[in-house]
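Work through the exercises below with the sequence and the model on screen. Try each task before reading its solution.

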Amino acid sequence: MEFIPPLQPATLIKRYKRFLADVVTPDGEVMTIHCANTGAMTGCATPGDKIWYSTSNNSKRKYPHSWEVTQTSQNHLICINTLRANQIIAEALAQKTIPELSEYSVIKPEMKYGSENSRIDFFLSGDGLPDCFIEVKSVTLLENNHGYFPDAVTERGQKHLRELTTIAKEGKKAILLFAVLHTGIYEVSAAAHIDKQYSTLLKEAIENGVEVLCYQVDINTQKMLLGKKIKFTPIK
């Protein structure tokens, strides 16, 4: 996934109201940009960090610029735009660069399913293959050199785990796919210290046949691509 037009740099002043951030450009202009991330963004929004933003050509947008990437003082790059995770996975599925899923020929995004009125991120099917349900989660929380999900209590995430567990019990293929959008993360665990219920539900999901895949995303200010598979441990 390429950034077209190219991302532009700025320095973060502050993030506020969840969806907004004030930044200052290299030429000294202070402006407000959109932040497509409703999470805690722990470690991703430190005032003074360099950020990179995209610009939309949609004249109806109140805030034409969107925060895409944070460059930390440790020179880690973090994609904070959570919408990008599904775009990267969709591209990887289409290009068959995820070995575990490369045999599937039909890819359907955002399909309704489950008893809790959910939408699965991707539904895959193929001749002679079990129906496959994929839920994508983006990982950006780094603590003590280790990646964690979630970064805040997530009732929505808990619901998704219940839905995936039911799918697995029905004999279908259920996958929780962690897209790691932080270049400093090389291993991921469930954040039991943040959301104990999520961790418990994930353990139950795995015991009932839900598969967990964890892939790092290669990030730079020109493009993002799905990278290598990394280790996942339910609890750290």
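**Exercise 1.** What is the order of the strands in the open sheet of six strands?

Solution. The order is E7-E8-E9-E12-E14-E15, and the pairing is mixed. Strands here are DSSP runs (E, at least two residues), numbered from the N terminus; two strands pair if DSSP finds at least two bridges between them. The edge strands, each pairing on one side only, are E7 (106-113) and E15. From one strand to the next, the twist averages 35°, where axes are lines fitted to C-alpha atoms, for helices over the stretch in contact, and angles run from 0 to 180 degrees between N-to-C directions.

The model is predicted: local features need pLDDT of at least 70, side-chain atom pairs count only at pLDDT 80 or more, and totals for chains, interfaces and linings use all residues. Residues are numbered from 1 along each chain as its sequence is written, and side-chain values use heavy atoms, with hydrogens and water left out.

**Exercise 2.** Describe how E14 pairs with E12 and with E15.

Solution. Step one: E12 (residues 173-180) and E14 (residues 211-219) run parallel, joined by six bridges. Valine 180 has glutamine 216 in E14 as its bridge partner. Step two: E14 and E15 (residues 224-229) are antiparallel, with four bridges. Isoleucine 219 is opposite methionine 224 in E15, and a hairpin of four residues links the two strands.

**Exercise 3.** Find the strands that helix H3 (residues 196-207) lies across.

Solution. Helices are DSSP runs (H or I, at least four residues), and contact means heavy atoms within 4.5 Å. H3 lies across E9, E12 and E14, and runs at about 135° to E12.
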